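User: I am new to this structure. Could you take me through it in short steps?

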Amino acid sequence: MNKTEEAVGTTYFYGEIWKTMLRTPRTRLSAIKYLEKHIPKDLEAARSLAKLG
Amino acid sequence: MEIDNNLVVLVKDNAKKSAEEMKRLELLNLEDYFYFYYPVKEKLCINSLLAGLSDPSFYVNRGVLDFVISHCPITGNINTLSENVRLVEGALMTLHKKDFAFLKKFFNWTMSHLEEEEGTVQEDDPAIVTLVPAIQCLLHKFMDKS
């Protein structure tokens with residue numbers, strides 16, 4: 001998944017996960033768990049993640 | 001820029017480039033954060049969360065509230081007022097399932113910022129400002145249906 005994110009870009013990657021959650025009920029649990037784990041919780045976390053990556 | 005054999009060559013200065021990138025990253029603002037992680041936020045992300053809240057599965061409902069508790073606190077600046085009202089309305093529609101874990105998470109999200117010892121709550125408190133319009137919307141919907 002990380003390689004896919006690098007390949008397509010963060011915006012499109014997360015956009016597709018949000019779309020999947022909206023359209024496909026069976027994937028909602030996996031999608032929300034992934035989003036909860038990988039989206040930075042606030043702006044500071046996003047900045048530190050951006051600096052590292 | 002370098003001159004080599006009468007040719008002008010543009011050379012990337014990696015040190016300068018990384019310094020510029022670092023500067024740009026430090027300036028990452030809320031708009032950029034939404035652009036990367038919540039694209040088309042009001043139409044896509046909020047509707048996805050609402051779809052999760054109305055999902056028949058308890059685990060999905062709880063998962064959505066866990067996400068909202070950790071990433072979109074009601075006192076924070078991630079969601080606008082209208083987005084919070086929509087989410088609260090969606091959560092209120094799910095309360096009829098009588099899932100106590102969901103109920104506990106809902107109260108945690110909306111009211112954990114209120115201190116127990118506090119006697120009165122301010123009128124502009126985020127809990128009141130979101131709950132009241134959400135309940136009003138629900139009442140209007142049910143009144144219109146009947």
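User: Which side chains of chain B and chain A meet in a salt bridge?

Analyst: This is a predicted model, where local features need pLDDT of at least 70, side-chain atom pairs count only at pLDDT 80 or more, and totals for chains, interfaces and linings use all residues. Residues are numbered from 1 along each chain as its sequence is written, chains are lettered from A and ligands numbered from 1 in the order in which they are written, and side-chain values use heavy atoms, with hydrogens and water left out. A salt bridge here is a side-chain nitrogen of Lys or Arg within 4 Å of a carboxyl oxygen of Asp or Glu. At 2.8 Å, N to O, the pair is D55(B) and R28(A).

User: How many salt bridges are counted between chain B and chain A?

Analyst: The pair D55(B) and R28(A) meets the definition. The count between the two chains is one.

User: How many residues does each chain bring to the contact?

Analyst: Contact means heavy atoms within 4.5 Å. Chain A brings 25 residues, and chain B brings 28.

User: What area do chain B and chain A bury between them, and which residues of chain B lose the most?

Analyst: Buried area is the accessible area (1.4 Å probe) that two parts lose on being put together, summed over both. The total is about 2,500 Å², with 72% on carbon and sulfur atoms. On the chain B side, 23% of the buried area comes from three residues together, the ones that lose the most to chain A: L28(B), Y37(B) and H71(B).

User: What pattern does chain A follow along the sequence?

Analyst: Helices (H or I, at least four residues) and strands (E, at least two) are DSSP runs, numbered from the N terminus. Chain A has four helices and zero strands. Its pattern is α-α-α-α.

User: In what order do the elements of chain B run?

Analyst: Chain B has two strands and seven helices. From the N terminus on, the order is β-β-α-α-α-α-α-α-α.

User: What share of the residues of chain B count as buried?

Analyst: Buried means under 20% relative accessible area, exposed over 50%, partly exposed in between (1.4 Å probe, protein chains only). For chain A, with 53 residues, the share is 32%. For chain B, with 146 residues, it is 34%.

User: How far apart are the mean positions of the positive and negative charges of chain A?

Analyst: Lys and Arg count as positive, Asp and Glu as negative; His and the chain ends are not counted. Each charge is placed at NZ of Lys, CZ of Arg, CG of Asp or CD of Glu. Chain A has 10 positive and 6 negative charges, and their mean positions lie apart by 7 Å.
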